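Please read the following points with the structure open beside you.

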Amino acid sequence: MNKFKLYFIVFATLTVLFSCNKADSPEIIPLRDFQVQYDAEIEIIRDYLENYCIDSSDVNQVFKLRKIIPGSSDIALLNSSRLCSIKPIYDGVEYTVYYIKTREGSASGISPVRVDQVLAAYRGAYLNDESTLEIQNNIRSTDFEYIPYPENFIYLNQTIRGWQEIIPLFKSGQIVNTSGSDPVNYTDFGAGVMFLPSGLAYYNIGSGSIPSYSPLVFSFKLYDVRRADQDGDGIFSIDESNESNGVYDFTKDTDGDGSPDYLDIDDDGDGYFTKTETKYTDSAGVVHYYPFNGAAVDDPATPLVDETKGVPSCGLDYITPTRVRRYLDKTCH
């Protein structure tokens, strides 16, 4: 199992966790104050950014980082025009998360939301402070995993918090069909590097060879994105959220039953499954399902009678974006 695919456990409710030391005897890892720990780690991350640069990259967006050579013309990551940052808030702490956007992705690609599935290659490393060795520029990175050829799509909301924050800032690439043993290739995919405080990774629990309280560095390539439908009701999860200026909130709960719409098979609580309320039967007796939004033009090659019609309201409004679709109207079945 890929390490970053492990669920990020809500460690705020834990007091102690055990890990094995070199003698395989249990060691108690105390839970530290989130703000105090972040304040210490952001200095480690900034030290790394000040003393490392991009060593090389190729057409496949494979990036290698190395220490700056004193007296050279190397440009520190911290001074790179590619360096960006965001400030998410978790556990009462405002984190500064640095990332390098080497390529956003295809203009026709899509950016995932945190409930989507992604196909991504990556290299992961943790930062460790070797100041006790009395060496200059004492922050070093240690690789813990390298996945150059991902085999499966994964749900983004099953990754660590940092991935859920950074990956949606990139877009998928384009599929290129080729011949030979590898018939599918991707071009113009999103690629970058992220620098994560442990509060957005594994914090005090660590993971495998990753020590507890380790800031992480991931270089990654976002090949592909699949819109997900977690509850299998025929509506993509992204369309079962509250959206404001490109920010998606998945707490939307139309019927107030405690289950958010993207995990609820009967969104309005009227006793009729959402999938039942989005289907229709054509003149030949064949059952179809309305798309969430109608297409600009109908595609006669598809089985849908008219793709310009999205899921209708109770009054058979198929088009208005603000309409209350009938599977969200408890009075309509």
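1. R123, at 28% relative accessibility, counts as partly exposed in this predicted model. Its side chain meets that of D143 in a salt bridge, with 3.2 Å from N to O. The pair links distant parts of the chain, for R123 belongs to strand β9 (residues 117-129) and D143 to strand β10 (residues 139-147), 20 residues apart. D143 is likewise partly exposed, with a relative accessible area of 46%.

2. A second pair to look at is formed by R103 and D188, whose side chains meet in a salt bridge at 4.0 Å, N to O. Here R103 lies in strand β8 (residues 97-103), while D188 is found in the loop between β13 (184-187) and β14 (190-196), so that distant parts of the chain, 85 residues apart, are linked. R103 is partly exposed at 21% relative accessibility, and D188 is also partly exposed, with a relative accessible area of 32%.

3. Is R161 buried or exposed? With a relative accessible area of 14%, R161 is buried, because buried means under 20% relative accessible area. Its partner D91 is partly exposed, at 32%, and the two side chains meet in a salt bridge of 2.8 Å, N to O. Since D91 lies in the loop between β6 (89-90) and β7 (93-94) and R161 in helix α2 (residues 161-166), the pair ties together parts that are 70 residues apart in sequence.

4. As for the total, the count comes to six salt bridges, among them the pairs D143 and R123, R103 and D188, and D91 and R161.

Definitions and conventions
Residues numbered from 1 in each chain as written. Predicted model: local features only at pLDDT ≥ 70, side-chain atom pairs only at ≥ 80, totals over all residues. Heavy atoms only, no water. Helix = DSSP H or I, 4+ residues; strand = E, 2+ residues; numbered from the N terminus. Buried < 20%, exposed > 50% of the residue type's maximum accessible area, 1.4 Å probe, protein only.
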